[in-house]
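Dear colleague,

I am handing over a structure for you to look at, and below it I have written down what was found. Please keep the structure open while you read.

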Amino acid sequence: MMISRACLIGAYQSKLEAMASYPDVELTAVVPAYWREGRRVVRLEQAYTTGYQLVVAPVAWNGRFHLHYFPTVASLLASVQPDLLHMDEEPYNLATFHALHAARRAGVRALFFTWQNIARRYPLPFREMERWVYGAADAAIAGTEGAADVLRRKGYGGALRVIPQFGVDPDLYHPPAEDPADRRRGGRPLAIGYAGRLVPEKGLDTLVEAVAGLDGEWRLQFCGWGQLRQPLERDLARRGLMERAVFRECVSALEMPAHYATMDVLVLPSRTRPNWKEQFGRVLIEAMACGVPVVGSDSGAIPAVIGDAGLTFPEGDAGALRAHLAMLMADPQLRRELGARGRQRALERYTQERIAAETVALYREVCAASGRLAGPGDA
């Protein structure tokens, strides 16, 4: 049984279908009906629901990242009687502490997931919950090598695998029929895109400063929402660039391939802060799967995700970012090559099928260690 707040997103559910396709896995996925993100409410999408049971469960303190929990976990465990509980949450959150307590009482093996790539010391009671979860879990999944390193440094000594939380479905995220590198024929502006939250840590001021000094024809599109929407608009207006920019509030991940199809390059200019650095950058693999060249800062996991399939620059360095964009503007062949490399890297490393296979392999190891035979109810 997997409890996953994130799996209310329709595009993410294709991983669940891939996991459930294995004959020795009978999967129950527990998701909330909605999740509050500030004033925004993200509601459950049911897009990929074949082969497993999708259970909608209530969430106490919905919208509180550290304090929310699923109050019906114990009754769900009694009903489903799984061999394994996969808690798709950070080890320091109440939801994970509460669910693993219920699993221990029910005699069910359990594991958790983490993206945390900074060794933070949390205040009480969260650091005590985190310590207890480390001792109670049968295994852990870290989204990146950086997150795995933090787990070990903080004292977790159990079984550990590095597996991203989600990949991409290459049938949904794929290159458009039109060659992106040929879009500027006829003098069309270079379409520079950003997708994600409009928040300070994403370094969007660096992106605006970079394009403000960029020669040639370009347009800038932001796809996302957040507190910086109005400050960004004011900054662009002050620079006389507002007519070159467009803002779109994309709600569904299922809609994102259509937006990537309008981009010539995706930029993720994240900037490290004392309590945060880029944990993965999912938009990178989505754009790569769509054949869109990617440019990212060197914050956190970005260089490892991009590899040699894109360009990186020192975080906060608008001049270096501008130079990359100018090079891509002038060289359609480079855009074409990077787009192809990105697609290949996404297919090799970041498909939902690959991530599902690695996750199921870990399930089998945990269940074998418990002395139980794999079979129906395995997850």
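Please bear in mind that this is a predicted model.

I begin with the second largest pocket, where α13 gives the most to the lining, with three residues. The elements that give two or more residues to this lining are α5 (145–153), α10 (302–306) and α13 (352–369). The pocket holds about 370 Å³ of space, and of the 18 residues that line it, G143, T144, E145, V162 and Y350 lie nearest its centre. Sorted by class, the lining has eight nonpolar, five polar and five charged residues.

Next comes the sheet, an open one in which six parallel strands follow the order β12-β11-β10-β13-β14-β15. Its edge strands, β12 (245–248) and β15 (311–313), each pair on one side only, and the twist from one strand to the next averages 20°. Strand β11 (residues 218–223) pairs with β12 over four bridges in the parallel sense, and L220 has A245 of β12 as its bridge partner. Helix α7 (residues 229–238) packs on the sheet, where it touches β11 and β12, and its direction makes about 170° with that of β12.

Finally, helix α11 (residues 318–330) packs with helix α12 (residues 332–349) at an angle of about 105°, their axes being 5 Å apart, which means that α11 is roughly perpendicular to α12. The contact involves M327, L328, M329 and A330 of α11, together with P332, L334, R335 and L338 of α12; by class, these are seven nonpolar, no polar and one charged.

With best wishes

Definitions and conventions:
Residues are numbered from 1 along each chain as its sequence is written. This is a predicted model: local features need pLDDT of at least 70, side-chain atom pairs count only at pLDDT 80 or more; totals for chains, interfaces and linings use all residues. Side-chain values use heavy atoms; hydrogens and water are left out. On a 1 Å grid over the protein atoms alone, a cavity is a set of points where a 1.4 Å probe fits but cannot get out, and a pocket is an open set with protein on both sides within 12 Å along at least five of seven lines; lining residues have an atom within 4 Å of a point. Grid points are joined across faces, edges and corners, and a volume is the space filled by probe spheres set on the points. Ala, Val, Leu, Ile, Met, Phe, Trp, Tyr, Cys and Pro count as nonpolar, Asp, Glu, Lys and Arg as charged, and the others, Gly among them, as polar. Axes are lines fitted to C-alpha atoms, for helices over the stretch in contact, and angles run from 0 to 180 degrees between N-to-C directions. Angles under 35 degrees count as roughly parallel, over 145 as roughly antiparallel, 65 to 115 as roughly perpendicular and the rest as oblique. Contact means heavy atoms within 4.5 Å. Two strands pair if DSSP finds at least two bridges between them.
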